[in-house]
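Morning, everyone. One structure today, and I'll start with its pocket.

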Amino acid sequence: MTASSLCRKTAAKSAKSRIAAVGAIAVAGTLLLSGCGDQTKDKGSDSVSNAPLADKLPKDIRDKGVIKVGSDIAYPPVEFKDKSGNTVGIDPDLGEALGKQLGVDFEFENGTFDTLLGGLRSKRYQIAMSAMTDTKNRQEGVDEDTGKKVGTGVDFVDYFTAGVSIYTKKGDDQGIKTWSDLCGKKIVVQRGTVSHDLAKAESKKCGGGKKIAIEQFDNDQQAQTRLRSGGADAGSSDFPVAAYAVKTSGGGKDFQLVGEQVQAAPYGIAISKKNPELRDAIKAALDAIIKNGEYEKIIKKWGVEAGAVKEATVNGGK
C-alpha cells in the first residue's frame with residue numbers, strides 16, 4: 001500500500017485480488033520512499049497553486065495540503081515497510097502521483113484492514129487506500145456475513161484489478177488445487193478480506209461435516225508465519241500478495257501457489273459518500289495519470305501490468 005513525495009507516519013479488508021506477473025513482483029521490495037518536507041499551510045498553498053487539478057479539491061483539503069489515507073501497511077507489494085522502516089509499494093506510489101495532480105501530500109496512516117472503513121466514517125481519514133476490493137456491500141454499508149446494514153457505505157474510485165489465490169508450504173500441497181479441496185483442512189487468512197469471506201462461503205458448501213477450519217489474523221504476514229510454522233494447511237490472499245510471498249519468503253523456499261486465482265475484482269480508493277467533491281477530484285487525478293503515463297510506469301515498476309485499468313471508474317464493483 002506506498003512512494004517519494006508522500007508524507008506518512010511510521011506506523012505499519014479487502015478483498016484483495018490482483019493479477020500480477022509473479023517473477024516481476026519480487027524486485028519491488030527494495031524500493032524506498034524519500035523523506036517528506038514541511039507540511040505547513042503555506043507549503044500546501046504553494047503546491048496547490050502549481051497543480052493542474054487543485055481547484056477540484058474541497059477547500060479545507062486545499063488549505064491543509066494533505067489527504068489523510070487509512071491503510072493496512074503490511075500487505076506487500078501493495079503497501080508495506082521496507083528494511084529501513086519506510087512505507088513503500090503500489091498504493092503509496094500511486095498516491096504520490098495523484099498528489100502531484102492535486103497539489104497535496106497523501107499521508108498514509110497505519111491501521112488494521114477491518115477498521116479502515118470505520119476510520120473513514122469517523123473522519124480519522126479522508127480516504128482509505130489499501131488494496132480494498134470494491135463491492136456492492138461496501139458501497140451500501142452492508143455486513144458481508146449478516147447482510148445487515150451497518151453503516152452509510154462508501155464510494156470507490158477503482159484503480160486496479162486483482163483476484164484471490166491459495167498457497168501452501170512448498171512441496172506439500174496436500175492435493176489442494178481448488179477451494180473445494182480445502183474441506184476438512186485448515187486455512188489462514190487476514191481478517192475482513194475477500195479471502196476470509198470466500199473461505200467462510202466455501203466452508204458452508206462442504207459436505208460430510210468436513211468444514212474448512214479458518215484461522216484469521218490482523219494482517220497477512222501473521223497468517224504467513226502461522227502457515228510457515230506448520231500450523232495450517234494453506235493460506236489465501238490477493239494474487240499479488242500471495243505471489244510476492246511465494247517469491248520472497250525464505251528466498252522462495254517456503255511457499256508455492258496452487259490452482260488458479262479466482263474472483264478477479266476492482267481495487268478501489270474508498271471515500272465517504274458525504275464527500276463527492278473529493279471523490280470526483282481523485283477520479284480526475286487518476287484519469288490524468290493514466291493519460292500522462294505515470295500510472296503505467298508505477299504498475300510496471302511493481303510488475304503488475306496484468307491488473308492495470310484503462311480509466312478510472314466510480315463504484316464498478318459488484
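The largest pocket comes to about 480 Å³ in volume. Keep in mind that this is a predicted model. Why the probe? Rolling a probe the size of a water molecule over the atoms shows where empty space is left.

How many residues line the largest pocket? The count is 19. Nearest the centre sit L120, K123, Y125, Q126 and N275.

Which elements supply at least two lining residues each? Those are α3, residues 59-64, then β1, 66-71, and α5, 116-121. The largest share comes from α3, with 3 residues.

The lining of the largest pocket splits into 8 charged, 6 nonpolar and 5 polar residues.

Let's zoom out to the whole chain. There are 318 residues, and 54% of them are buried. Secondary structure gives 11 helices and 11 strands. The accessible surface is about 13100 Å². Carbon and sulfur atoms account for 49% of that surface.

One last stop, at K185. Where does K185 lie? Look in the loop that runs between β6, residues 154-169, and β7, residues 186-190. Leaving aside residues up to four places away in sequence, K185 touches Q174, I176, K211, I212, A213 and D233. Then take A232. In sequence, K185 and A232 are 47 residues apart. In space, their C-alpha atoms are 7.9 Å apart.

That's my tour. Over to you.

Methods
Residues are numbered from 1 along each chain as its sequence is written. This is a predicted model: local features need pLDDT of at least 70, side-chain atom pairs count only at pLDDT 80 or more; totals for chains, interfaces and linings use all residues. Side-chain values use heavy atoms; hydrogens and water are left out. Helices (H or I, at least four residues) and strands (E, at least two) are DSSP runs, numbered from the N terminus. Buried means under 20% relative accessible area, exposed over 50%, partly exposed in between (1.4 Å probe, protein chains only). Accessible areas come from the Shrake-Rupley method with a 1.4 Å probe; for residues, only the protein chains shown count as cover. On a 1 Å grid over the protein atoms alone, a cavity is a set of points where a 1.4 Å probe fits but cannot get out, and a pocket is an open set with protein on both sides within 12 Å along at least five of seven lines; lining residues have an atom within 4 Å of a point. Grid points are joined across faces, edges and corners, and a volume is the space filled by probe spheres set on the points. Ala, Val, Leu, Ile, Met, Phe, Trp, Tyr, Cys and Pro count as nonpolar, Asp, Glu, Lys and Arg as charged, and the others, Gly among them, as polar. Contact means heavy atoms within 4.5 Å.
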